[in-house]
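Here is a short briefing on one protein model. Keep the sequence and the 3D view open as you read.

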Amino acid sequence: MSGGAVPERAQVVVVGGGIIGCSVAYHLAHMGWRDVVLLERDKLTSGTTWHAAGLMVTFGSLSETSTEMRKYTRDLFGRLEAETGQATGLKPIGFIEAAADGDRLEEYRRVAAFNRFHGIDVHELGPSEVKELFPIADVGDLRAGFFVKEDGVVNPVDVTMALAKGARMQGATVLEDVPATGVLKKDGRVTGIRTLQGDIETEFVVNCAGMWARQFGELAGVNIPLQAAEHYYLITETIHDLPPNMPVFEDPSCHAYYRDEVGGLMIGLFEPVCAPWMVDRVPEDFSFGEIEPDWDRMGPYVEKAMSRVPVSLETGIRKFFCGPESFTADLSPVVGEAPELQNFFVAAGLNSIGILTGGGLGRIMAEWIINGHPDADVTGMNIDRLHRFQNMPQYRRERTVESLGMVYQAHYPTRALQTARGAKRSPLHDRLAAEGAYFRDVSGWEGADWFAPEGEEPKVDRLSWGRMNWFPYWQAEHEATREGVILMDMSFMAKYLVQGRDAGRILNYVSANDVDGACGRIVYTQWLNELGKLEADLTVTKLSDDRFYIVASDTAHRHAETWLRRNIPEGSDASVTDVTSGLAQINIQGPRSRDLLQALTSADLSNEAFPFRTAKEIDIGYAPVLCIRITYLGELGYELHVPTEQATHVYDRIVEVGPRFGLRHAGLKALASLRMEKAYRDYGHDMDNTDTLLEVGLDFFADLEKPGGFIGRDAVLAQRGSGPMTKRLVQVLVKDPEPLMYHAEIVLRNGVPVGDIRAASYGFTLGGAVGLSMIQAGEPVDEAYLQAGTWEVDIAGELYPAEVSLKPMYDPAMKRIKV
C-alpha cells in the first residue's frame, strides 16, 4: 500500500520496511496486537535489505540468543510461503565454514560443539570431503570444513514481502512512501509519530530504520551509535559446467563467502580494513542505491578471495557491487527500549546478519513490547549498553574501519579492539602506564588488563587460544592477591548517588536485599523485575538516612540507572546522580591490605573497629576517602572511593609505602581469575535477564521478610515453593591443568550435555581452568545430582574430566575475607 492517508491512531508504529521492520510487524500481529502500522519512507527493502546476499546460516555464533534467533529464522522462512502464498526463495543447499589454520580450527570446533548443544546438526569434514561438496574450491591448505546440511540461501526481497504480507493478513497496516519525520513525546514517554500526511498517536514506536536508525533516533533524543560502511560482493560471468546445488562456502582466511548466482558465482567480501560511508549523515533519498566501487582499495582483497576458487580468476566479472550496511562498535545489534524515552524501541545495527537473524529478532522484539520483558538474554545487545561518546563522528569513523573487518577475523577471546581508543581514561592512567600496564577497552575506558614486569614492553606477541606471553605476568598478579597485597584501578565502575527523604524506602523496594539498615554499611543485592528475573547486580552503601551510594559494573551503567529512575514513583523525594566521573575507585586487596592501609591513615582498621561490609570516610594524606571493606576477589580487601582530583595524590601515597608490604599492581585478567575461583557472579556474563535468584544461587541475598517487600518478591516465593530446582548455576573446574576455557564450552554429565560455560578463567590457586555453567536437567540439580555424575567439559572437541560444585571451591566459609 503506497502513500494515502495515515491513520490517526495505532497501538504500535514500526518505522522502516526492511527485513527487521517487517518481521517486527509480522510477529506483533501474530501475537494478537493487530493495531500495528508500518511506515516505509520509500518502498519495502529499498534501504539495505534489497542487496543482501541472502545467506541463511545457523552455524557460527557462541551466543545462545544469536544461535536461537538463527534457528527460529530458518524455520520461519521454511513455512512462510505455505502461510502467505508468497515465495521466499529458501533453498537448503547447505553451508560449509572453512578452517585454513590451527587457530580457526580450534575456534570452529568450539563453535560446532556449542551449536550442536543448541540443536544444530554440524559435521566436521576433511579437505577431501569439502572438495566433494564444493568442487571448485582449492582445498590444498584447508584443515577442515564445518557443514550444516539444512542451511542455505533465501531471497531477501521475497522473504521480506512474505513477512509484510503475513503481517497484513493478520490485520497490520503497511504503508509505503510515508516517511516518519518526527517523534512526539510527553513526560519521558513516546506519544506519536509525525509524518507529512499527518500525526499518528501511538503507545509504542519501533525504530527499524536500518542505517537511518541513528538519524531517526536523533529526532527522539535517543542515542543509537551505528555507522554505515561499504560492503562488497562481485558476481562472475557464467561458469560453464558449474556443479548444481553447491552449498554456500565461507572462508574467512580469504575474507570471502561464495555461492551460486544464476550460473555464475557470487563472491562476498568482509575485508580486514574497511571504509565507513556517509559518517555525517546518510541521505534521506538514498533508495535501491549503489556506491561507486573503490577498485584500488579492494583489488588485493578481491584477488585473495578469488584465489580460493581458481576458476573465478579465469572468468569475467559481470558485476562488482558496493552497497552500504550498518555496523556497531562491538558487532552486536542495537536492540530494546531506549533509556532516554519510554516505549521507544530500537531494532537496528545488524552487522550484515539481518537476514539470517531477522525472524528471531522480530519475535523477541514483539515479545518484549507486548509482555514488557524479553524472553531471551539481551544483555549483550541491549541499547542501554551504548554511550554517547560512541556516537561521535570521529569515533564511528575510526571504529567502523575495524568492526566490519572483525566479521571474518579469528575471534580470539582475549583480542582487544585497537581503533577509537582513549575515549575515557582514569585519573591514574599515566601512572599505570608507567608501571607497565597493557590496556584494553572497558566500555570506552582504558582498563589495565595486566602489567608487564620491569624491562618488558606491555604488548601481545601473538594472539592465540592458548597461553600467551603475558600468562606468567597474570599468574604473578593472581598469586600476589592471594598471598600479599595488590592495587587495582576500578574507576570505570558505574557509580550513583541517590538522595532524598524517600531514597531509602524506594531503594529498599527496588532491591531484593535490605539496603536501608544501619548507616555505614554496604549491602550486596540484586534488582529484579516482577517476574523475579534479574535486572541488576550491584552494591548499595547507606551513607546516611537520606544518602545512598550505588556501584554497578561498567556494562550495566545505563541499564541500572534507567531501571532505578523508572521505579521512582512520581512525586517522591529522591534523586539519582551519576557520579562515575567524579570518583576514582582504587581497590587494595589481599591478606596484607589492612597492614598497608593502616600505615596511611589515622582511622582504626582493625577487624573489631572496621568489620567486613563497613563503609567509613578515612583520611589518606590530604584526601577524604570513602573506604569500604568489601571484596570481589575472595580476600581481605578494601575499595577506596576518592574524589577524582585527589586520586593521584592517594595513589602516590599508597605506592610510596607499597614496597614495605610487597605491593604489586594487578589488572583485569587477575580480577577475572580471582573472582571465578570464588564463584562470584557477573551480570551480563554468567547470569542474565532470563535468570532468577534461585537459579543463580543468590536467593540468600533476598530479604523475604522485610516490611514492604520488593519488586519480584512474589515470584521468588512462588519459585521457592514450586519444588526442587532443575536449573542451577554451578562452578566447574577442569582437572587437567593444561586446557583453557573462555566461554561456551559444553559441560557433560555421564556423557550427556547438560549445560555450557557462561564465563571462565584460569584458576591458578585451584590448578585448572574454572568457570560457571548453568546446568539444566530434567531432575533436581542438588548435591546428590552433582556427586552421582561423572563430569566432563568439551573443549574444542576434546573431553576433559571436571569437578562441579554448588559452593565456591575457594574458601567457601569466607574465612579469609572476614579475618
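At 4% relative accessibility, cysteine 254 counts as buried (buried means under 20% relative accessible area, exposed over 50%, partly exposed in between, with a 1.4 Å probe and protein chains only). This is a predicted model: local features need pLDDT of at least 70, side-chain atom pairs count only at pLDDT 80 or more, and totals for chains, interfaces and linings use all residues. Residues are numbered from 1 along each chain as its sequence is written, and side-chain values use heavy atoms, with hydrogens and water left out.

**Cysteines**
- The structure holds zero disulfides (a disulfide is a pair of cysteine sulfur atoms within 2.5 Å).
- The closest cysteine sulfur to that of cysteine 254 is in cysteine 274, 19 Å away, which is too far for a bond.
- Cysteine 274 is buried as well, at 6% relative accessibility.
- From the sulfur of cysteine 274, the closest cysteine sulfur is 10 Å away in cysteine 322, again too far for a bond.

**The sheet of eight strands**
- Helices (H or I, at least four residues) and strands (E, at least two) are DSSP runs, numbered from the N terminus.
- Two strands pair if DSSP finds at least two bridges between them.
- Eight strands form an open sheet in the order β5-β6-β4-β13-β14-β15-β12-β16, with mixed pairing.
- At the edges stand β5 (122–125) and β16 (317–328); each has a single partner strand, so one side of each lacks a neighbour in the sheet.
- On average, neighbouring strands of this sheet are turned by 20 degrees against each other, direction ignored.
- Axes are lines fitted to C-alpha atoms, for helices over the stretch in contact, and angles run from 0 to 180 degrees between N-to-C directions.
- Strands β14 (residues 256–261) and β15 (residues 264–269) pair in the antiparallel sense over six bridges.
- Tyrosine 257 has glycine 268 in β15 as its bridge partner.
- Helix α3 (residues 102–117) lies across β4 (95–99), β5 and β6 (144–148), and runs at about 155 degrees to β5.

**The sheet of six strands**
- A second open sheet has six strands in the order β28-β29-β30-β27-β21-β31, also with mixed pairing.
- Its edge strands are β28 (615–620) and β31 (664–665), and each pairs on one side only.
- Strand β21 (residues 486–489) pairs with β31 in the parallel sense over two bridges.
- Leucine 487 stands opposite histidine 665 in β31.

**Aromatic pairs**
- The structure holds 35 aromatic pairs.
- Rings of Phe, Tyr and Trp (its six-membered ring) pair if their centres lie within 6.5 Å; planes under 30 degrees apart count as stacked, over 60 as edge-to-face and the rest as tilted.
- Phenylalanine 59 and phenylalanine 146 form a stacked pair, 6.1 Å centre to centre with 15 degrees between the planes.
- This pair links distant parts of the chain, 87 residues apart: phenylalanine 59 is in the loop between β3 (55–56) and α2 (64–84), and phenylalanine 146 is in strand β6.
- Phenylalanine 59 is buried, at 2%, and so is phenylalanine 146, at 0%.
- Tryptophan 277 and phenylalanine 286 form a tilted pair, 4.8 Å centre to centre with 55 degrees between the planes.

**Aspartate 699**
- Aspartate 699 lies in the loop between α16 (668–677) and α17 (713–720).
- A polar contact of 3.1 Å joins its side chain to that of arginine 720 (a pair of N or O atoms within 3.5 Å; within protein, one must be able to donate a hydrogen and the other to accept it, and residues adjacent in sequence count only if both atoms are side-chain atoms).

Methods:
Contact = heavy atoms within 4.5 Å.
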